[in-house]
Amino acid sequence: MTALYDIANEYRKAFEELSEIEDLDEQTIRDSLAHIEASMAEKCVAVQKVRMSLQGDVDAIDKEIKRLNGLKTAAKNKYERLGAYIRDEMIHSGNKTLDGKIFKFTLRNPSPSVLIEDESLVPDEWKEVKVTATVRKKDVLAALKAGEEVPGCKQHLGDPSLMVR
């Protein structure tokens, strides 16, 4: 089967050749291009069917990722709970070290850390100010549309989007 880009090139070439003939009216040009257009529409339908099949694959993969992420979270939580279980029982029994056949367990003293109870009460000398500058794209676009020049910016039109009904 012919590729869509080949059909599009054939259509464009035929249109250009027919447009160069001076005595042809618009209806004759349209009639002459109709069969190529029908082939192009048929090919677009075939390509859309492939797209729809791929979308089904994407949906199935997304569901599988969600399922696997759930399994990962459950395994990670169980891992953390079992570690906390060992730690808590060692604390409860008063053992700071245990020597098993395969693993050696040791309770380490915790590292000092800071718990901020109310950030508004902390003096400014202990705070770091972070400033983030971002370009307000909507305002820049409005200015460009109004004919203003904005250094470092220009209006850009993206690719047309495909709508399938």
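This is a predicted model: local features need pLDDT of at least 70, side-chain atom pairs count only at pLDDT 80 or more; totals for chains, interfaces and linings use all residues.
Student: What makes the length of helix 1 close to the expected one?
Tutor: Compare two values. Helix 1, residues 4–20, has 17 residues and reaches 25 Å from its first C-alpha to its last. The expected span is 24 Å, at 1.5 Å a residue.

Student: Which residues of helix 1 are buried?
Tutor: I7, A8, A14 and L18. Buried means under 20% relative accessible area.

Student: What covers the buried residues of helix 1?
Tutor: The cover includes helix 2, residues 26–93.

Student: Why is helix 1 called roughly antiparallel to helix 2?
Tutor: Take the angle and the cut-off. The two helices pack at about 170°, with their axes 9 Å apart. Angles over 145 degrees count as roughly antiparallel. That angle therefore makes helix 1 roughly antiparallel to helix 2.

Student: Which residues meet where helix 1 contacts helix 2?
Tutor: From helix 1, the list includes L4, I7, A8, Y11, A14, F15 and L18. From helix 2, it includes I29, L33, I36, M40 and C44. By class, this contact has 12 nonpolar, three polar and three charged residues.

Student: Where is T28, and why is T28 called partly exposed?
Tutor: T28 lies in helix 2. Its relative accessibility is 31%. Buried needs under 20%, exposed over 50%, and partly exposed is in between. At 31%, T28 therefore counts as partly exposed.

Student: How far apart are T28 and K101 in sequence and in space?
Tutor: They are 73 residues apart in sequence. In space, T28 and K101 are 91 Å apart, C-alpha to C-alpha.

Student: What puts the buried residues of helix 3 on the same side?
Tutor: Helix 3 spans residues 137–145, and its buried residues are V140, A143 and L144. They cover an arc of only 100° around the axis, which puts them on the same side of helix 3. K138 and K145 are exposed on the other side.

Student: Which residue with a positive phi follows helix 3?
Tutor: G147 follows helix 3, with its phi near 95°.

Methods
Residues are numbered from 1 along each chain as its sequence is written. Side-chain values use heavy atoms; hydrogens and water are left out. Helices (H or I, at least four residues) and strands (E, at least two) are DSSP runs, numbered from the N terminus. The expected span of a helix is 1.5 Å times one less than its number of residues. Buried means under 20% relative accessible area, exposed over 50%, partly exposed in between (1.4 Å probe, protein chains only). Contact means heavy atoms within 4.5 Å. Axes are lines fitted to C-alpha atoms, for helices over the stretch in contact, and angles run from 0 to 180 degrees between N-to-C directions. Angles under 35 degrees count as roughly parallel, over 145 as roughly antiparallel, 65 to 115 as roughly perpendicular and the rest as oblique. Ala, Val, Leu, Ile, Met, Phe, Trp, Tyr, Cys and Pro count as nonpolar, Asp, Glu, Lys and Arg as charged, and the others, Gly among them, as polar. The arc is that of the directions from the helix axis to the C-beta atoms.
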